[in-house]
Amino acid sequence: IARHFELVTTELVPAPAILPGESLTVSLAPGRTVEIPVPAFAGETIAVATSSHDYWDTIALLLAPDGTPVAGSDDANQYFAAFSWPAAETATYRLRVTFFEAVNSGQLLVKRAK
């Protein structure tokens, strides 16, 4: 999944942080990947799900504070990305999201469970 993001991303756009129980809508365009800060405590489960009314296939990648990929998802919830992962340390992780084919435009909804 990390390699997929390397291949399709031509624009990396920052977004506001997402906290447990929050949702965030981001705008995607061809080649655009959005990076969302995800603050978490050690042992806390980071649970994320994506959806969209504009396109049916999403992909997500969670990076540790040092940039190491720690969790990723493609097609976990039908064709939408979703995952749960226990944070290894208290830190701010980074979530990258985009449409799988990376040639579509539209809105993508990211939900973080409590």
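Strand 1 (11-14) and strand 3 (32-40) run parallel and are joined by 4 bridges. Two strands count as paired if DSSP finds at least two bridges between them. Strands are DSSP runs (E, at least two residues), numbered from the N terminus. Within this pairing, Leu12 has Thr33 in strand 3 as its bridge partner. The model is predicted: local features need pLDDT of at least 70, side-chain atom pairs count only at pLDDT 80 or more, and totals for chains, interfaces and linings use all residues. Residues are numbered from 1 along each chain as its sequence is written, and side-chain values use heavy atoms, without hydrogens and water.

The two strands belong to an open sheet of 5 strands, in the order 1-3-8-5-6 with mixed pairing. Strand 1 and strand 6 each have a single partner strand, so one side of each edge strand has no neighbour in the sheet. On average, neighbouring strands of this sheet are turned by 25° against each other, direction ignored.

The largest nonpolar core holds 27 residues. Such a core is a set of buried Ala, Val, Leu, Ile, Met, Phe, Trp, Tyr and Cys residues joined through side-chain atoms within 4.5 Å. Buried means under 20% relative accessible area, exposed over 50%, and partly exposed in between (1.4 Å probe, protein chains only). Ile36, Ile46, Leu62, Phe83, Tyr93, Leu95 and Val97 touch the most other members. Strand 8 gives the largest share of this core, 5 residues. Ile36 has contacts (heavy atoms within 4.5 Å) with residues including Ala15, Leu24, Tyr93 and Val110, not counting residues up to four places away in sequence.

Across the whole structure, 4 aromatic pairs were found. Rings of Phe, Tyr and Trp (its six-membered ring) pair if their centres lie within 6.5 Å; planes under 30 degrees apart are stacked, over 60 edge-to-face, and the rest tilted. Tyr55 and Phe99 form an edge-to-face pair, 5.2 Å centre to centre with 70° between the planes. Tyr55 lies in the loop between strand 4 (45-51) and strand 5 (58-63), and Phe99 in strand 8 (residues 91-99), 44 residues apart. Both residues are buried. The rings of Trp56 and Tyr79 have centres 4.8 Å apart and planes at 75°, so this pair is edge-to-face. Trp56 is partly exposed at 44% relative accessibility, and Tyr79 is partly exposed at 46%. Tyr55, Trp56, Tyr79 and Phe99 form one aromatic cluster.

Methods
Axes are lines fitted to C-alpha atoms, for helices over the stretch in contact, and angles run from 0 to 180 degrees between N-to-C directions.
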